[in-house]
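Consider how the protein surrounds its ligand in the model shown here. The text below goes from the shell of residues to the individual contacts, and then to the aromatic rings.

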Amino acid sequence: MAEPDYLTTTRDSYDSVAVDYEKLLRDELDAKPFDRAMLAAFADLVRVEDSGPVADLGCGPGRVTAHLAGLGLTVFGVDLSSEMVAVARREHPGLRFEEGSMTSLALGDGVLGGIVAWYSIIHTPPESLPGIFAEFHRVLAPGGHLLVAFKAGDERRHLAHAYGHDLSLEVYWLPPERVAELSSRAGLVEVARLVRDPDRTEGGPQAYLVARKPN
Ligand SMILES: C[S@@+](CC[C@H](N)C(=O)[O-])C[C@H]1O[C@@H](n2cnc3c(N)ncnc32)[C@H](O)[C@@H]1O
């Protein structure tokens with residue numbers, strides 16, 4: 001079956017910006033205490049349950065993958081963009097990164113203790129999100145946790161220039177209650193959510209949802 005256009009566009013865009021994206025964002029978490037707090041809480045939950053490795057889905061250059069590894073998790077990254085995967089492997093040679101799409105993961109049922117989707121669902125058209133949350137549910141082990149970071153709002157913004165490059169990307173800002181509903185319709189149980197004010201660069205509030213696959 002032919003790949004949906006949005007996946008091709010997303011891959012092409014991130015292939016073209018991968019090297020500069022990594023340079024610009026490598027230390028970004030240092031200035032984001034609430035982001036680090038959500039990642040730390042997620043890591044604690046995953047450690048307590050101990051039901052398998054964590055996948056950082058849409059890992060980009062692997063900065064969040066490496067942060068999670070630094071918190072003591074067994075974690076690997078998956079990304080649509082081969083250039084992002086190449087950059088991640090170069091920057092974090094001790095970690096595993098694979099090419100793949102969260103629309104259809106090369107993973108068995110119930111094999112993951114956790115999933116992080118850190119700003120990686122933001123380019124998926126809303127009508128395709130139920131399929132992605134169903135895939136999250138499929139690959140999580142009972143007791144496994146999901147952490148999703150996204151942009152809070154209710155609009156589509158077109159991105160024509162970013163990270164020093166021309167590109168063409170749609171960014172979907174999503175109401176937190178809609179993301180929570182997608183997660184619960186897929187069979188996950190909400191654990192926590194946070195909406196925080198934007199910093200100077202973010203252009204709107206940022207949201208984080210933690211959910212758990214029931215035992
Ligand atoms: C905004 S970047 C975030 C990257 C990384 N999580 C970070 O915070 O640095 C979005 C990433 O999600 C990836 N992505 C988007 N849709 C994807 C999909 N369906 N499967 C895998 N990766 C995807 C893109 O290739 C890109 O690297």
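Helix H1, residues 5-25, contributes four residues to the shell around the ligand, the most of any part. The model is predicted. Sorted by class, that shell has 10 nonpolar residues, seven polar ones and two charged ones. Of the 19 residues around the ligand, the nearest are Tyr 21, Gly 58, Arg 63, Asp 79 and Trp 118. The space that the ligand takes is the largest pocket.

An N or O atom in the side chain of Tyr 21 is 2.9 Å from an oxygen atom of the ligand. Arg 63 places a polar side-chain atom 2.6 Å from an oxygen atom of the ligand. With Leu 80 the backbone takes part: one of its N or O atoms lies 3.3 Å from a nitrogen atom of the ligand. On its own the ligand has 600 Å² of accessible area, and the protein covers 98% of it.

Next come the aromatic rings. The structure holds six aromatic pairs, one of them formed by Tyr 21 and Tyr 163. The ring centres of Tyr 21 and Tyr 163 are 4.8 Å apart and the planes stand at 65°; planes over 60 degrees apart count as edge-to-face, so this pair is edge-to-face. Tyr 21 belongs to helix H1, whereas Tyr 163 is in the loop between strand S6 (155-162) and strand S7 (165-173), so the pair ties together parts 142 residues apart in sequence.

How values were computed
Residues are numbered from 1 along each chain as its sequence is written. This is a predicted model: local features need pLDDT of at least 70, side-chain atom pairs count only at pLDDT 80 or more; totals for chains, interfaces and linings use all residues. Side-chain values use heavy atoms; hydrogens and water are left out. A residue is near a molecule or strand if one of its heavy atoms lies within 4 Å of it. A polar contact is a pair of N or O atoms within 3.5 Å; within protein, one must be able to donate a hydrogen and the other to accept it, and residues adjacent in sequence count only if both atoms are side-chain atoms. Accessible areas come from the Shrake-Rupley method with a 1.4 Å probe; for residues, only the protein chains shown count as cover. On a 1 Å grid over the protein atoms alone, a cavity is a set of points where a 1.4 Å probe fits but cannot get out, and a pocket is an open set with protein on both sides within 12 Å along at least five of seven lines; lining residues have an atom within 4 Å of a point. A molecule sits in a cavity or pocket if more than half of its atoms lie within 2 Å of its grid points. Helices (H or I, at least four residues) and strands (E, at least two) are DSSP runs, numbered from the N terminus. Ala, Val, Leu, Ile, Met, Phe, Trp, Tyr, Cys and Pro count as nonpolar, Asp, Glu, Lys and Arg as charged, and the others, Gly among them, as polar. Rings of Phe, Tyr and Trp (its six-membered ring) pair if their centres lie within 6.5 Å; planes under 30 degrees apart count as stacked, over 60 as edge-to-face and the rest as tilted.
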